[in-house]
Amino acid sequence: MKFAWFHSFACSLAFVAVSTAPAQVVEADLCIFGGTSGGIAAAVQAARMGKTAVIVNPTKYLGGLTTGGLGATDIGNKAAIGGLSRDFYHRLAQHYAQDSSWTLETAPDYFAKRRGGQAGASSLSGADATMWTFEPRVAEKVYLQLLAEAKTPVFLEQRLQSVTKAGPRITATTMENGRVFRAKMFVDATYEGDLLAKAGCSFHVGREANSVYGETLNGVRAQTPHHQFTVPVDPYVKPGDAASGLLPFIQSGDGGKPGDGDKATQAYNYRLCFTTDPKNRLPARKPAAMPQAQWDALLKAANNSLPVTPPANYDAKQFELLGRYLEVLVAANRNPKLAQFWNPIWMPNHKTDINNNGGFSTDFIGRNYDYPNADYTTRERIAKEHEDYIRGFCTFLATDPRVPEEMRREMQSWGPSKDEFLDTDGWPREMYVREARRLVGEYVMSEKNCRYQETITDSVGLGAYNMDSHNCQRIVKNGKVENEGDVQVAPMKPYPVSYRAIIPKAAECDNLFVPVCLSSSHIAYGSIRMEPVFMVLGQSAATAAAIAIDDNVPVQKVNYEKLRARLVADKQVLDWTGGGSASGGGKFVDPKSLPGIVLDDADAKSTGHWTESFSSVWRVGRGYQHDGNAGKGESTAVFTPDIPTAGDYEIILFNAPNPNRASNVPVTVSVPGQPAKTLKVDQKSKGEILLGKFKLPAGKATTVTVSNKDTDGYVILDGVQFKPVK
């Protein structure tokens with residue numbers, strides 16, 4: 001079949017290969033179903049291995065979440081990423097190294113904003129420079145450059161209908177429009193695992209019981225401290241009256257027994273590329289089906305500045321739970337801020353990647369259970385329900401009188417970026433499907449791998465992010481609303497992902513790779529499921545596919561030493577040898593190696609809820625802790641040094657800086673015989689914060705207390721140094 005290359009800006013593609021003949025059969029060495037980040041990496045690598053490949057995508061957009069709004073790259077430690085994936089982030093740096101790329105702000109201003117006001121810009125011009133925050137349209141541009149270089153044919157809007165097999169081998173896939181794709185090897189690079197399912201491979205949806213793989217973080221959670229309602233909220237239509245029924249967005253039932261498995265899937269949302277820049281803010285429009293009187297009332301309530309086009313069926317009563325939550329927070333003098341209800345992360349040119357945050361936010365909890373196994377029509381309905389929910393959430397926060405005026409005004413300043421997602425009214429074109437089907441293959445990655453309790457010897461890439469699950473349920477517990485399912489636990493260090501986890505069982509299919517919906521438990525998948533890792537695994541899958549073709553062997557018989565040698569040659573990172581940099585991650589610094597007395601975060605006596613993390617650079621010990629930007633006023637940590645000799649000491653607070661940190665962290669130094677000194681510490685930009693010089697007595701009499709009371713961002717615990725002053 002012949003192809004022609006043409007420009008098609010109408011569908012947001014620079015180069016798309018389309019049929020120039022009436023034939024409905026397409027043949028290639030490698031058929032990649034799913035134009036996600038993993039699918040694109042697989043296609044590019046296939047070309048570099050001298051194989052023909054074709055991308056068959058069920059939607060009309062390429063790039064998945066990377067081009068669909070997730071511009072704040074999640075990875076944990078960026079030193080764990082190599083190969084094509086790292087090249088992608090290098091190409092982004094090359095783009096942003098050009099002054100012409102900064103149309104709405106300068107690079108120094110952007111990086112200063114990212115650093116919480118600290119001046120200066122990161123180097124974007126070096127041979128190893130990478131950029132991990134980016135605009136969706138720029139990510140799309142880079143992906144299309146890669147595909148154009150590889151000359152990969154791309155077929156869009158191809159919905160899978162059936163799979164033809166000869167024994168355990170796929171011979172062809174047939175689309176709903178009748179087009180047939182034949183190949184020697186196949187890759188399922190979808191977020192949903194549609195190809196693996198139709199090929200008859202085993203898979204799982206939902207959470208496994210802890211007992212299945214010997215885990216501790218899987219299944220129903222006994223406690224969910226983060227992204228939680230921080231004050232008691234009545235769940236019933238008539239307060240106190242269970243017979244009146246539950247408010248919208250609350251599920252019936254008790255949530256299940258802790259540790260048991262269920263069919264609940266962690267919540268989905270959309271990652272919002274919004275802006276507060278009036279020059280690039282897309283104005284809201286009246287939905288055709290909305291009554292004029294309702295539209296006029298909403299405009300008036302929003303001071304003629306609605307953040308988004310509301311859903312046509314917008315009804316403020318649907319958000320009664322959010323209204324009550326805000327009322328209780330105000331009554332308790334909690335002074336709610338918009339940042340507690342969503343998490344904007346700044347991208348270049350005054351744009352954002354906005355994610356879920358707190359007890360009630362952009363995650364549509366409990367409304368996605370049918371999605372993984374659904375047909376295309378049902379999935380479209382579920383996606384539209386998620387969009388309407390988030391549009392309604394933004395509209396409520398901009399218009400409802402129960403929302404504090406400061407919050408309403410701030411929400412009214414936001415809106416979609418008008419130069420992104422041009423044909424979807426500025427709305428992200430890809431719903432964030434955090435997990436759907438997961439292959440049950442030759443090997444199942446589990447919590448044990450993340451904790452190095454079980455290791456493998458056939459690495460095809462590294463995972464590094466937290467074992468991260470968003471909430472799975474919103475239920476009633478002890479008469480109040482409670483979210484259930486959120487988990488945020490860091491792995492010990494970047495860990496290897498097994499080759500056997502991206503291939504099916506031999507008896508089920510012997511020419512299929514699954515680099516996205518790979519074989520993993522729910523909780524381990526929460527760590528692996530990051531876009532850079534999908535690219536890594538996509539590249540490794542295509543490399544193995546080429547070897548399988550050349551050696552004429554099933555995927556289960558690929559010579560791993562040969563595969564490993566090629567992956568290493570292509571600069572994949574297969575083993576963790578330590579290290580880290582300011583671009584992500586950190587390294588262990590023994591507190592005993594520093595002068596004076598140094599206490600790590602683990603040495604503090606803490607109350608409330610703190611979560612261990614390795615996501616940013618830290619200054620001392622192994623990682624740090626944070627409060628999840630939730631439960632304000634509930635969490636404290638007290639550092640009590642054993643001072644060997646009385647004298648003058650500088651007290652230094654160690655920190656893992658990031659723009660999403662709090663700027664007003666209360667830190668109290670208490671010394672016997674002296675008035676307690678409380679400082680408001682800004683944790684956005686500095687790694688070491690001098691609290692002052694103090695005369696300290698010998699012994700365990702001095703304390704340093706960190707609190708999250710009334711703070712406006714994430715509060716960090718890293719450590720405290722008591723340094724003698726000579």
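Me: How many aromatic pairs does the count come to in this model?
Reply: The structure is a predicted model. Two rings of Phe, Tyr or Trp pair if their centres lie within 6.5 Å. By this rule, the count of aromatic pairs comes to 31.

Me: Is the aromatic pair of Phe249 and Phe364 stacked or edge-to-face?
Reply: A pair of aromatic rings is described by the distance of the centres and the angle of the planes. For Phe249 and Phe364 the centres are 5.7 Å apart and the planes make an angle of 75°. Planes over 60 degrees apart count as edge-to-face, so the pair of Phe249 and Phe364 is edge-to-face.

Me: How many residues apart in sequence are the parts that the pair of Phe249 and Phe364 ties together?
Reply: Phe249 lies in the loop between strand 11 (241–246) and strand 12 (274–275). Phe364 lies in the loop between strand 14 (351–356) and helix 9 (376–399). The pair therefore ties together parts whose separation in sequence is 115 residues.

Me: Are Phe249 and Phe364 buried or exposed?
Reply: A residue counts as buried under 20% relative accessible area and as exposed over 50%. In this model, Phe249 and Phe364 are both buried.

Me: Is the aromatic pair of Tyr499 and Phe513 stacked, tilted or edge-to-face?
Reply: The ring centres of Tyr499 and Phe513 are 6.4 Å apart, with 55° between the planes. Planes under 30 degrees apart count as stacked, those over 60 as edge-to-face and the rest as tilted. The pair of Tyr499 and Phe513 is therefore tilted.

Me: Where does Phe513 lie?
Reply: Its partner Tyr499 lies in the loop between strand 22 (495–498) and strand 23 (512–513). The pair ties together parts that are 14 residues apart in sequence, because Phe513 itself lies in strand 23.

Me: Why does Tyr499 count as buried?
Reply: The cut-off for a buried residue is under 20% relative accessible area. Tyr499 counts as buried because its relative accessibility is 5%.

Me: Which residue lies over the face of Trp132?
Reply: A charge sits over a ring if NZ of Lys or CZ of Arg is within 6 Å of the ring centre and within 35 degrees of the ring normal. For Trp132, the distance from the ring centre is 5.7 Å, and the residue over its face is Lys78.

Me: Over the ring of which residue does the charged end of Arg379 sit?
Reply: The charged end of Arg379 is 5.2 Å from the centre of a ring. That ring belongs to Tyr371.

Me: How many charged residues are in the lining of the largest cavity?
Reply: The largest cavity holds about 100 Å³ of space. Its lining includes Gln228, Tyr325, Asn629 and Lys632. By class, the lining has 4 nonpolar and 7 polar residues, and the number of charged residues is 1.

Me: Which helix gives the largest share of the lining of the second largest pocket?
Reply: About 820 Å³ of space lies in the second largest pocket. Of its 31 lining residues, Thr59, Glu380, Ala383, Arg429 and Glu430 lie nearest its centre. The largest share, 6 residues, comes from helix 9.

Technical notes:
Residues numbered from 1 in each chain as written. Predicted model: local features only at pLDDT ≥ 70, side-chain atom pairs only at ≥ 80, totals over all residues. Heavy atoms only, no water. Phe/Tyr/Trp six-rings, centres within 6.5 Å; stacked < 30°, edge-to-face > 60°. Helix = DSSP H or I, 4+ residues; strand = E, 2+ residues; numbered from the N terminus. Buried < 20%, exposed > 50% of the residue type's maximum accessible area, 1.4 Å probe, protein only. 1 Å grid on protein atoms, 1.4 Å probe; cavity = no way out; pocket = protein on both sides within 12 Å on 5 of 7 lines; lining within 4 Å. Points joined across faces, edges and corners; volume = space filled by probe spheres on them. Nonpolar A, V, L, I, M, F, W, Y, C, P; charged D, E, K, R; others polar.
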